[in-house]
Amino acid sequence: MTLRNSAIGIAMLAATSVQAADFKWASTTDPQTMDPHAVNSAPVLGFLNNVYEGLVRRDKDMSVQPALAVSWEPIGEGDGWRFKLREGVTFHDGSTFDAQDVLFSYQRASGEAADTRSWFAPISEVIVVDDYTVDFMTTAPNPLFPSSIANWMIMDQGWTEANDAAVPDKEAGNYATINANGTGAFKVTEREPGLKTVLEPHEGWWGDVEHNITRAEFNPIQNPATAVAALLSGDVDMINPVPIQDVARLQEDSDVEVIKGIEARVIMLGFDHEAETLKYTDDEGKPNPFRDPRVRKAVAQAVNVDAILATIMRGNAEAASQLVSPAMSGYSAAHAERPAFDVEGAKALLAEAGYADGFSFGLKCPNDRYLNDEAVCQAVVSMLAKIGITAELEAMPVRNYWPELREDNYDMYLLGWSPGTFDAEHPVRFLVATPNEEKKLGSWNFGGFSNARVDELLPAIQSELDETKRQAMLDEVAKIIQDEQVYVPMYVQPLVWGTRSNVELTQRPDNFFLLRWVTVN
Amino acid sequence: MFAYIVRRMLQSVIVLLVVGLVAFSMFRFVGDPIDNMLGQERTQADIDRLRAELGLDQPFPVQYYKFLKNAVQGNFGVSYRQGRPVSTIIAERAPATLELAFVSGFLAITMGIALGVFTAIRRQGIAANVIMTVSLIGVSLPTFLIGILLIYIFSVELDLLPSFGRGETVMIGNWSTGFLTTSGLKALILPAITLGLYQMTLIMRLVRSEMLEVLRADYVRFARARGLSDRVINFRHALKNTMVPVITITGLQLGSIIAFAIITETVFQWPGVGLLFINAIQFVDIPVMAAYLMLISVMFVSINLIVDLLYYAIDPRLRVDARAT
């Protein structure tokens, strides 16, 4: 084993002509499982992207590129997609990858017990044409399907079945919860949940090796101050995230570097659109002012986003005008303007709506979910006070927060949304569409906003193959959302990573950290 | 004596049951684990299904009853977060906490008693006054701050000791020990000091004040009149008589060293049960929280029992009283 590894080390040394290296990194959360179909969460999928691969993968700029599939093409007039698979790919245990593994992984990832099954909602059937060709038949034309499965990872049928892990088990766990056997550039050689996970390069990997890592160790470090100390003392080579308040300090240190970027997550304020009356108010029984778009617009104009970014985010984030950031596909360039900060205008709107004397209401906010979330809410409260509306802020841990929102215990709330497909359709489906349990629409539309035109456009957007027509419809939806001020988008959350200065890496907007782009000099 | 032990045991069981009941009634307020277990694209149907599977839709006394029924058979359930049996996870994590608690407890007792005796005997000396002043820091600074300060000085600035973790460990049977490797021993220093400092100063101040009291007692004066040496008076007569309150406090503090290692473990990312518990709270991992709380209460209850029995051994008056009643 050791002999073989050193042989790879030497081979890599020759290939990349940089010194091979040990690499340690830390993040706040440990991926809770090694099973790529059991939990659909960023820490798990981000980590496992080093170990497992999908048919397609995302490049440094988030564009979709071939991975286990070499090419794909639509079947007929939007009947489905045909994927040509890569030949000569082996799993970490040496077995060969072929179409049966794809079919098996589809069945596993779309089954009852899988957390990833919503990705396959548009699929009616998967057909193995030959060993290296697979057809995915869709119920309706689905132009986005190839890019929507970038995180769907392929498992080896033989290995998974031999270890009794053919069905993901989130509640009780199984062999695949702690062990992994992917086709990715790195294999898991040691796994102690919550303590450390060791990865080593997969010698039989099909891709071109760009990294020079011989061994990588991941340690979860929960306390941000400890993580910063570990980076400063050189105990780890990279941490994610760096607390905003430590950015300036780390930048002064010549041994470490701060890498900043913009995450895909947009932070916004949401309203209760359905309730007849306010729930947390001194004016019992008065009608709910947030049902009036003018009041929602007044809120948008009263919030000074630039001030929030300059003070609370210390200049590390960008203002947002829509539910997605400009980096996402389908972003509506025609609606890039956000309402200007205008206290007088906001007061005028309130007066017009009949609330010249203001009102009081309840604002719910998480305090451990987004960067400085509670501080942002406090700022919003004081900004709204200037136009005469009084918010009573209640901040709570996220584990209490979602149940509160589900039970409609709020008048206004804070929400962050990262589109899993990196497309503008995603937030429309989850946040704006009229809630419909059966069609799986609007599952995060807590306020119950409903607009017939949006509901009509959404299926059309989902199945439109023509880019221009699709964008026109997305533009129309963006306009409705802005005109109605369904949400008040505030800013795109920043990504802040810290590294030792001898480390080069790539920061992707989805906050995934990929070892195959790491070079230690 | 036997009746006393049996009575105390019964009391202990009742205490445990009440602790469990209170814990289970609180879990609802800790939050909802469902959102942590399902991804962003979950539906209400998924939420309801999982809640029913985990039994979270039932009232808490029913959940508690089920927990007890399984716990009696040694089954503490499966962690929501890790998908592995809770008993396995706790067995993996316990050595880290116990080793840390042992070292800091040892440090606290030896240093505490030694410094306490020293400051009591030489209470006018400069050294004693310096120690007393410095010890105020140990009592008044929060553990969290002491830990961060130590990390800053010894790992960031001086680069002598690791900033987090347990270093290399060696498995002896099922016990992972950090005592046998250099990195393991180095990793132990800062957390042990952080955890033990408060207890050390507490024991030291207690020993000192008890000693001062005892040194004024008649039998010490009489001993001096008999012409006994200072050493014999201080250690055989005085120190021994200060030990009853010291043992009580030390015993209870030993429990709290293990129970409240939570903060130290979080600061140093020390992979013990305290860190596990913090993780469990954040994730609302009810099986882990329940098992941890029960374990800690078992520990406190048994430490109290042992302390009571030690009184018997040390203080003859108790034995007389017991017989009289």
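This note goes through a predicted model of chains A and B, point by point.

1. Conventions. Residues are numbered from 1 along each chain as its sequence is written, and chains are lettered from A and ligands numbered from 1 in the order in which they are written. Because the model is predicted, local features need pLDDT of at least 70 and side-chain atom pairs count only at pLDDT 80 or more, while totals for chains, interfaces and linings use all residues.

2. Chain B overall. Chain B holds 14 helices and two strands; helices (H or I, at least four residues) and strands (E, at least two) are DSSP runs, numbered from the N terminus. Along the principal axes, the C-alpha atoms of chain B fill a box of roughly 85 × 60 × 35 Å. Of the 325 residues in chain B, 37% are buried. A residue is buried if 20 or more other C-beta atoms lie within 10 Å of its own, exposed if 12 or fewer, and partly exposed in between, with C-beta atoms placed from the backbone. Among contacts in chain B between residues at least 6 apart in sequence, 71% join residues at least 24 apart. Two residues are in contact if their C-beta atoms, placed from the backbone, lie within 7 Å.

3. Record annotations on chain B. An unreviewed UniProt entry lists residues 94-311 of chain B as "domain: ABC transmembrane type-1". UniProt positions are given here in the numbering used for the model, feature names are shortened, and annotations may be inferred rather than shown by experiment. In the model, residues 94-311 of chain B are 80% helix and 3% strand, with end C-alpha atoms 29 Å apart. The unreviewed entry also lists "transmembrane region" for several spans of chain B, including 246-270 and 290-314. Residues 246-270 of chain B are 84% helix and 0% strand, and their end C-alpha atoms lie 29 Å apart. For residues 290-314 of chain B the figures are 100% helix and 0% strand, with 36 Å between the end C-alpha atoms.

4. The contact between the chains. It takes 37 residues from chain B and 36 residues from chain A. On the side of chain B that touches chain A, the elements giving two or more residues are α2 (34-37), α3 (44-54), α7 (143-157) and α11 (261-267) of chain B. Of these, α7(B) gives the most, with five residues. This side of chain B divides into 16 nonpolar, 14 polar and seven charged residues. Here Ala, Val, Leu, Ile, Met, Phe, Trp, Tyr, Cys and Pro count as nonpolar, Asp, Glu, Lys and Arg as charged, and the others, Gly among them, as polar.

5. Nonpolar cores. A nonpolar core is a set of buried Ala, Val, Leu, Ile, Met, Phe, Trp, Tyr and Cys residues joined through C-beta atoms within 7 Å. The largest has 135 residues, and those with the most contacts inside it are Ala230(A), Ile239(A), Leu100(B) and Tyr292(B). Helix α8 (residues 182-215) of chain B gives the most to this core, with 14 residues. Not counting residues up to four places away in sequence, Tyr292(B) touches Val273(B), Leu276(B), Phe277(B) and Ala280(B).

6. Helix α14 of chain A. This helix (residues 425-432) is largely enclosed by the rest of the structure, because eight of its eight residues are buried. The buried residues of α14(A) pack against β16 (412-417), α15 (452-463) and α16 (467-484) of chain A.

7. Phe290(A). This residue lies in the loop between β12 (256-271) and α9 (293-302) of chain A. Phe290(A) counts as buried, with 22 C-beta neighbours inside 10 Å. Not counting residues up to four places away in sequence, the residues that Phe290(A) touches include Phe271(A), His273(A), Asp411(A) and Met412(A). Asp272(A) is 18 residues away from Phe290(A) along the chain, yet their C-alpha atoms are separated by 6.7 Å.

8. Backbone points to check. The peptide bond from Asn240(A) to Pro241(A) is cis, with omega near 0°; Pro241(A) is in the loop between β11 (238-240) and α8 (247-252) of chain A. In chain B, Asp159(B) has a positive phi, near 55°, although not a glycine. Asp159(B) is in the loop between α7 and β1 (170-172) of chain B, and is partly exposed, with 13 other C-beta atoms within 10 Å. Gln269(B), also not a glycine, has a positive phi near 50°. Gln269(B) lies in the loop between α11 and α12 (273-283) of chain B, and is buried, with 23 other C-beta atoms within 10 Å.
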